[in-house]
Amino acid sequence: MKYVDEFRDPVKAKMLLKEINELVEQIDICKTRPLAIMEVCGGHTHSIFRYGLEGMLPKEIELVHGPGCPVCVLPMGRVDDCVALAEMPDTIFTTFGDAMRVPGSKKSLLQAKADGADVRMVYSPLDALDLARKNPDKEVVFFGLGFETTMPSTAFTVLQAKEDGIKNFSLFCNHITIIPTVKAILDSPDMQIDGFLGPGHVSMVIGIEPYEFIADHYKRPLVVAGFEPLDVLHSIWMVLKQIAEGRAEIENQYSRIVPDEGNDEALAAVAEVFELREFFEWRGLGSIDHSGVRMRKEFVDFDAERKFVVPDIKIADPKSCQCGEVLKGVIKPFACKVFGKACTPETPLGALMVSSEGACAAYYQYGDPDRLRELEKGELEKA
Amino acid sequence: MCLGIPGQIVEISDRVRRFGIVDISGVKREINLACIVNEDHSLDDCVGDWVLVHVGFAMSRIDEKEAELTMEVLRELGEAQEEIEAMRLSGQK
Ligand code: SF4
């Protein structure tokens, strides 16, 4: 954890924190309950913990760590499908490293690899396509996952495979889309979120217009934020300023990377290859309408789901897991009964413990669970 | 996995496929430039550009100062090392 004095610009950080404290004084909600701000993106979660930003904010502000880590929301059944694909004969299953340790109902991809399946970590879908070129006698399946940030890369790769006439390459498409998910969170009855930090790199692709309904319909502010600690503080300040002034707008704090209109080239490739699914299953959140994409029928030959048989079985999360409640901000990670006991980054039970962008792994790594538990108890007793 | 990493494009390696070589803290690899090429910015204009690279694709052009700042944060988050390592393991040019 860092201290304000170690920030690149400690003067600016202190000023922002001072102004944040002043704004909190002006906001009525803060007099009765903590103001909840959700960071949608796992990159922000990581940054918030790494720099200890939560501890610097006044206690009237509560940060809710959202579902924005694509690895964390992967349901068990999907991991099982990956394992099934990887265990087909003459198959090379390729994936980003982050997905290797996510537990399925029987095993993770890492365990499948130990059991003899040819599972390979790649840096880019282009590497998977290269493997297909070099191994014409094998089927190469790429496990595509991620939000709109990664979608263009797999879309371009599939387009390339089609153009080059590569027959032994396919995509197991698990891409998810952020907007319906934020909407599901806003519609959830046990949810109390007053404002959002919008994801930086997703917005670099989709722009800021798709968020307008959050301001128009739900009257909540959203500020697209960078992930540098000062960016995060600045964005929180912008959210508070809106609330203090009774505004709900979509603002762009990260305009040096995120053009308001998004990236046309990337969006065109995505639209060419993908279409919305009726619904997609999320770990912890259940099924959310239109929250995932699949490949258009023009690309059936490159669609692992249609080219091969995947079990496609829904597997309920283990009973002891409380990932869903953590994801929705109903409980804090250390309140989960298995946190730090049965569930650790080495042996994750739930997906939130797998990557450094998951709320549980972040708490485990950066927060002392016992101290946090005590703190929480203290707070409860006071209440 | 979604943060990406900044690098500088040093040459165009495949005109048809719109590929170029990017230099990320001394590690070079081929990436796809399709997302940053458009009517106003030709393939050749890309040489020398600082870009944010995400899983083998240049996702947006950034200025050099932003690249430096981003790299610094990624180092502190431990993500730069991870990305560069993943890149090194796969297809270094
Ligand atoms: S501690 Fe483990 S099981 Fe509990 S919510 Fe976190 S990831 Fe899920």
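Q: Which residues of H7(A) are buried?
A: This is a predicted model in which local features need pLDDT of at least 70, side-chain atom pairs count only at pLDDT 80 or more, and totals for chains, interfaces and linings use all residues; side-chain values use heavy atoms, with hydrogens and water left out. Residues are numbered from 1 along each chain as its sequence is written, while chains are lettered from A and ligands numbered from 1 in the order in which they are written. Helices (H or I, at least four residues) and strands (E, at least two) are DSSP runs numbered from the N terminus, and buried means under 20% relative accessible area, exposed over 50%, partly exposed in between (1.4 Å probe, protein chains only). In H7(A) the buried residues are Pro125(A), Leu126(A), Asp127(A), Ala128(A), Leu129(A), Leu131(A) and Ala132(A).

Q: How many of the 10 residues of helix H7 of chain A are buried?
A: Helix H7 of chain A covers residues 125–134. This helix is largely enclosed by the rest of the structure, because the number of its 10 residues that are buried is 7.

Q: Which residues of chain A does Phe57(B) touch?
A: Phe57(B) sits in strand S5 of chain B and is buried, with a relative accessible area of 0%. Contact means heavy atoms within 4.5 Å. Not counting residues up to four places away in sequence, Phe57(B) touches Ile31(B), Asn32(B) and Leu52(B), and in chain A Ser124(A), Pro125(A), Leu126(A), Ser153(A), Phe156(A) and Thr157(A).

Q: What is the area buried between chain B and chain A?
A: The contact takes 33 residues from chain B and 39 residues from chain A. Buried area is the accessible area (1.4 Å probe) that two parts lose on being put together, summed over both. Carbon and sulfur atoms give 61% of a total of about 3,400 Å².

Q: Which residue forms a salt bridge with Arg17(B)?
A: A salt bridge is a side-chain nitrogen of Lys or Arg within 4 Å of a carboxyl oxygen of Asp or Glu, and the count between chain B and chain A is 3. For Arg17(B), the closest N and O atoms are 2.8 Å apart, and the partner is Asp164(A).

Q: Which element gives the most to the side of chain B that touches chain A?
A: There are 10 residue pairs in polar contact between the chains, both at pLDDT 80 or more. The elements of chain B that give two or more residues to this side are strands S3 (27–32), S4 (50–54) and S5 (57–62) and helices H1 (64–77) and H2 (79–89). With 8 residues, the element that gives the most is H1(B).

Q: Is Ser291(A) buried or exposed?
A: Ser291(A) lies in the loop between strand S12 (286–289) and strand S13 (293–295) of chain A. A polar atom of its side chain is 2.8 Å from the backbone oxygen of Ile288(A). Because its relative accessibility is 0%, Ser291(A) counts as buried.

Key
A polar contact is a pair of N or O atoms within 3.5 Å; within protein, one must be able to donate a hydrogen and the other to accept it, and residues adjacent in sequence count only if both atoms are side-chain atoms.
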